[in-house]
Amino acid sequence: MFTGKLIKNEPHFRTRPDLIPKYHKYSNGTFGLFASKSMLQKMIAHAIKGNRYEVIGSLIGRSFYDNKGHYSILTNSAPAPFADVTHGTVTTTFKDEQFFKWVQEAYHPTEDILGWYHSHPMNLEGYSSIDRGNQSKWIEPYQIGLLVVCNYIQNKFTVMAYRGPESELLLPSYSVYKGGPEIEQLTEAA
Ligand SMILES: [Zn+2]
């Protein structure tokens, strides 16, 4: 669960790029999401660090619109250092929300907190009904939820993407294999 006060963005008009080097593109219909690969790998590293416990954090970026509709660009993420964690749940605390706001203001002043992410350390694919309930608090169609699914059998880590209060699934998901103890050794899955 993400307990923070949600920031409402006002998207600007800007024609969307076909692709952005170093970014993974998710889409569904006319909606597009560009997610920084270094951000995705940082989130995966956070999930791996959580071991068998779920981790949670915030997503930083901006939303725009063009003739096709809305699209979002995620440039960075911030892990929640003070989250309440059990094996099956994870919830941000007030201290986390203060930290997210500080990270956004201090390092990413031209961007907003645009969503949240969390992990499923037990290889559970897709949002649970609780996750969908949490996502429904992000009421704008361009706000994003990312889910890191950890498959420790194959050492494969997949980041699934959802948008808006309806948790619309965006495809394709982003996957990497972990080839060694360091996150730098992640290799993209085809
Ligand atoms: Zn979940």
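A pocket is an open set of points on a 1 Å grid over the protein atoms alone, with protein on both sides within 12 Å along at least five of seven lines. The largest pocket here has a volume of about 260 Å³. This is a predicted model: local features need pLDDT of at least 70, side-chain atom pairs count only at pLDDT 80 or more, and totals for chains, interfaces and linings use all residues. Residues are numbered from 1 along each chain as its sequence is written, and side-chain values use heavy atoms, with hydrogens and water left out.

**The largest pocket**

- Its volume is the space filled by probe spheres set on the grid points, which are joined across faces, edges and corners.
- Rolling a probe the size of a water molecule over the atoms shows where empty space is left.
- The lining of the largest pocket counts 17 residues. A lining residue has an atom within 4 Å of a point.
- Nearest the pocket's centre lie Glu54, Gly88, Thr89, His120 and Asp131.
- At least two lining residues come from each of β7 (90-91), β8 and α3 (129-135). Helices (H or I, at least four residues) and strands (E, at least two) are DSSP runs, numbered from the N terminus.
- By class, seven lining residues are nonpolar, eight polar and two charged. Ala, Val, Leu, Ile, Met, Phe, Trp, Tyr, Cys and Pro count as nonpolar; Asp, Glu, Lys and Arg count as charged; the others, Gly among them, count as polar.

**Nonpolar cores**

- A nonpolar core is a set of buried Ala, Val, Leu, Ile, Met, Phe, Trp, Tyr and Cys residues joined through side-chain atoms within 4.5 Å. Buried means under 20% relative accessible area, exposed over 50%, and partly exposed in between (1.4 Å probe, protein chains only).
- The largest core has 25 residues. Tyr26, Leu33, Leu146 and Val159 have the most contacts inside it.
- Two or more residues of this core come from each of β3 (31-36), α1 (37-49), β8 (112-120), β9 (144-151), β10 (156-163) and β11 (168-178). Helix α1 gives the largest share, five residues.
- Another core, of 15 residues, lies apart from it; Ala80, Phe100, Leu147 and Met160 are among its members.
- In soluble globular proteins, nonpolar side chains tend to be buried together.

- Six of the six residues of β3 are buried, so the strand is largely enclosed by the rest of the structure.
- Phe31, Leu33 and Ala35 point one way from β3, while Gly32, Phe34 and Ser36 point the other way.
- In a regular strand the side chains alternate between the two faces of the sheet.
- β2 and β3 run antiparallel and are joined by six bridges. Two strands pair if DSSP finds at least two bridges between them.
- His24 stands opposite Ala35 in β3.
- The two strands form a hairpin with two residues between them. Gly29 in the turn has a positive phi of about 60 degrees.
- β3 also pairs with β5 (residues 69-79), in the parallel sense, over four bridges. Leu74 in β5 is the bridge partner of Ala35.

**Aromatic pairs**

- The structure holds eight aromatic pairs. Rings of Phe, Tyr and Trp (its six-membered ring) pair if their centres lie within 6.5 Å; planes under 30 degrees apart count as stacked, over 60 as edge-to-face and the rest as tilted.
- Tyr127 and Tyr162 are stacked, because their ring centres are 3.9 Å apart and their planes lie at 15 degrees.
- This pair links distant parts of the chain, 35 residues apart: Tyr127 is in the loop between β8 and α3, and Tyr162 is in strand β10.
- Tyr127 is buried at 10% relative accessibility, and Tyr162 is buried at 3%.
- Phe34, Phe64 and Tyr71 are linked into a cluster by ring pairs.

**Backbone points to check**

- Most residues other than glycine have a negative phi, and most peptide bonds are trans.
- Lys22 is not a glycine, yet has a positive phi of about 75 degrees. Lys22 sits in the loop between β1 (12-13) and β2 (23-28) and is exposed, at 69% relative accessible area.
- Ser167 also has a positive phi, of about 55 degrees. Ser167 sits in the loop between β10 and β11 and is buried, at 3%.
- The peptide bond from Leu171 to Pro172 is cis, with omega near -5 degrees. Pro172 lies in strand β11.

Terms used:
1 Å grid on protein atoms, 1.4 Å probe; cavity = no way out; pocket = protein on both sides within 12 Å on 5 of 7 lines; lining within 4 Å.
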